[in-house]
Amino acid sequence: MSVSLTLTSSSSSDDSDVPVPRRPRIFRDRSDPFDRYDDIDFKQRYRFSKNSVVEILNQIGDRLDPLTNRNKALNSREQLLICLRFYATGAFQQLIGDSVLVHKSTISRIIYKVSKEILRLKGDVLKMPTLQEIPTIHRKFFEIRGFPCVIGAIDGTHIPIQSPGGHLAETYRCRKGFFSLNVQVVCDADLQIRHIIARWPGSVHDSTIFNDCPLPPELERGMYGAGYLLGDSGYACKRYLLTPFINPRNRAEEAYNASHKATRNTVERCFGVLKRRFPALSMGLRLKMKTNMMAIVACAILHNLAIIFKDDWPEDHLEIEEDDEVIGGDPMEGNFAMRTHLVNTIFAERV
């Protein structure tokens with residue numbers, strides 16, 4: 001018996017000494033999507049026209065170019081298109097890699113790298129309006145349904161993510177039952193995103209995110225003039241954030257609610273356009289948590305660039321989000337002076 005054990009041990013030791021051959025590296029020829037697809041097919045796959053991709057490359061391409069051409073390094077255009085393809089599909093990185101003949105680990109690094117470079121554009125592309133822009137924003141919102149002095153519509157949307165694991169994982173489970181990041185957005189009448197917060201777990205309430213962000217003190221100081229935001233009933237009514245009446249008591253309040261709803265609907269449409277252009281945001285992100293947050297903001301910046309470039313995405317068949325959460329606390333909380341003033345002056349005259 002001892003001899004048999006010795007022979008077996010010796011045999012396994014000999015097998016472990018046999019070198020395992022390395023898999024040979026394979027370099028495949030990658031075709032250029034600019035040449036492979038016409039304008040329509042290209043936009044369907046990458047959500048931007050070829051001219052828009054060139055414009056984006058003019059702003060971030062220098063920082064994406066490889067330091068060497070050895071081993072068929074991916075150039076800046078190839079990297080940007082890989083990242084856009086991920087945003088446009090939300091597919092597994094393995095599938096993205098198979099379609100462009102790149103290993104999935106490279107896809108992961110490219111998504112992080114390109115998203116990080118896109119975030120550098122935030123200061124120029126995604127920002128609250130200046131005092132010079134506010135009169136134009138007031139006018140465009142007023143043209144929707146006659147609601148005066150609006151500087152933005154605010155709401156939150158849930159971006160599905162993979163469970164982050166750990167003892168805090170359940171904090172990311174939203175009230176709808178899936179893991180998510182609760183993303184706060186302020187947009188204007190052109191559906192351009194003016195402010196975004198994309199770091200809070202899905203279980204956190206919209207009003208908590210708003211109260212913690214820089215906007216309340218800025219609005220209190222009058223940095224954006226005498227205007228106000230429009231929010232749903234999940235927010236407390238304030239001088240600078242107006243919410244609808246839960247139970248309107250007269251025709252003036254009903255007129256206020258109708259105008260408020262139609263005007264605030266811009267942020268719901270904004271979410272619909274954003275998620276339709278970049279389905280990865282609705283299908284779910286399976287990246288590291290930091291990269292998830294970067295990707296969400298990067299998609300918002302790209303959304304604004306598309307508006308600036310007039311590279312429209314069709315709004316037909318949009319899934320407009322309707323929040324089923326009516327109120328986030330006591331409906332009597334908040335400062336109702338501004339809302340009451342509007343009802344008694346402007347909206348009372350319209351009924």
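In what order do the 5 strands of the open sheet sit? They run β3-β2-β1-β4-β5, with mixed pairing. Keep in mind that this is a predicted model.

**The overall picture**

Of its 351 residues, 47% are buried. Among contacts with a separation of 6 or more, 69% link residues 24 or more positions apart. The exposed surface comes to about 18,400 Å², and carbon and sulfur atoms supply 52% of that.

Now look at β1. Strand β1 covers residues 150–160 and pairs with β4 (residues 228–230) in the parallel sense, over 3 bridges. β1 is also joined to β2, this time antiparallel, through 8 bridges.

If you want to trace the pairing residue by residue, here are some partners to click on:

| Residue | Partner | Strand of the partner |
|---|---|---|
| G152 | L229 | β4 |
| P160 | S180 | β2 |

How many of the residues of β1 are buried? The count is 11 of 11, so β1 is largely enclosed by the rest of the structure. Part of the picture around the sheet is helix α12 (residues 251–277), which lies across β1, β2 (180–187), β3, β4 and β5. This helix, α12, runs at about 45 degrees to β1.

**A look at G152**

G152 is found in strand β1. Is G152 buried or exposed? Its relative accessibility is 0%, and buried means under 20%, so G152 counts as buried. Not counting residues up to four places away in sequence, G152 touches F141, V186, C187, Y228, L229 and L230. Another pair you can check on screen is G152 and H195: they are 43 residues apart in sequence, and their C-alpha atoms are 9.5 Å apart in space.

In soluble globular proteins, nonpolar side chains tend to be buried together. Here, the largest nonpolar core has 62 residues, and V53, L84, Y87, I196, I296 and L302 have the most contacts inside it. Helix α14 (residues 289–308) gives this core its largest share, 10 residues. There is also a second, separate core of 18 residues, which includes I197, W200, C213 and Y240.

Which residues does Y87 contact, leaving aside neighbours within four places in sequence? They are S115, F278, P279, A280, A295, A298, C299 and L302.

Helix α6 (residues 93–100) packs against helix α7 (residues 104–119) at an angle of about 105 degrees, and their axes are 8 Å apart. That angle makes α6 roughly perpendicular to α7. On the α6 side of the contact are Q93, Q94, I96, G97 and V100, and they meet K104, I107, S108 and I111 in α7.

Finally, take S52, which lies in helix α4 (residues 50–64). With a relative accessibility of 4%, S52 counts as buried. Setting aside neighbours within four places in sequence, S52 is in contact with F309 and D311.

Note on methods. Residues numbered from 1 in each chain as written. Predicted model: local features only at pLDDT ≥ 70, side-chain atom pairs only at ≥ 80, totals over all residues. Heavy atoms only, no water. Core = buried A, V, L, I, M, F, W, Y, C linked by side-chain atoms within 4.5 Å. Buried < 20%, exposed > 50% of the residue type's maximum accessible area, 1.4 Å probe, protein only. Helix = DSSP H or I, 4+ residues; strand = E, 2+ residues; numbered from the N terminus. Contact = heavy atoms within 4.5 Å. Pairing = 2+ DSSP bridges. Axes fitted to C-alpha atoms, helices over the stretch in contact; angles between N-to-C directions. Areas by Shrake-Rupley, 256 points an atom, 1.4 Å probe, with all protein chains shown as cover. Parallel < 35°, antiparallel > 145°, perpendicular 65-115°, else oblique.
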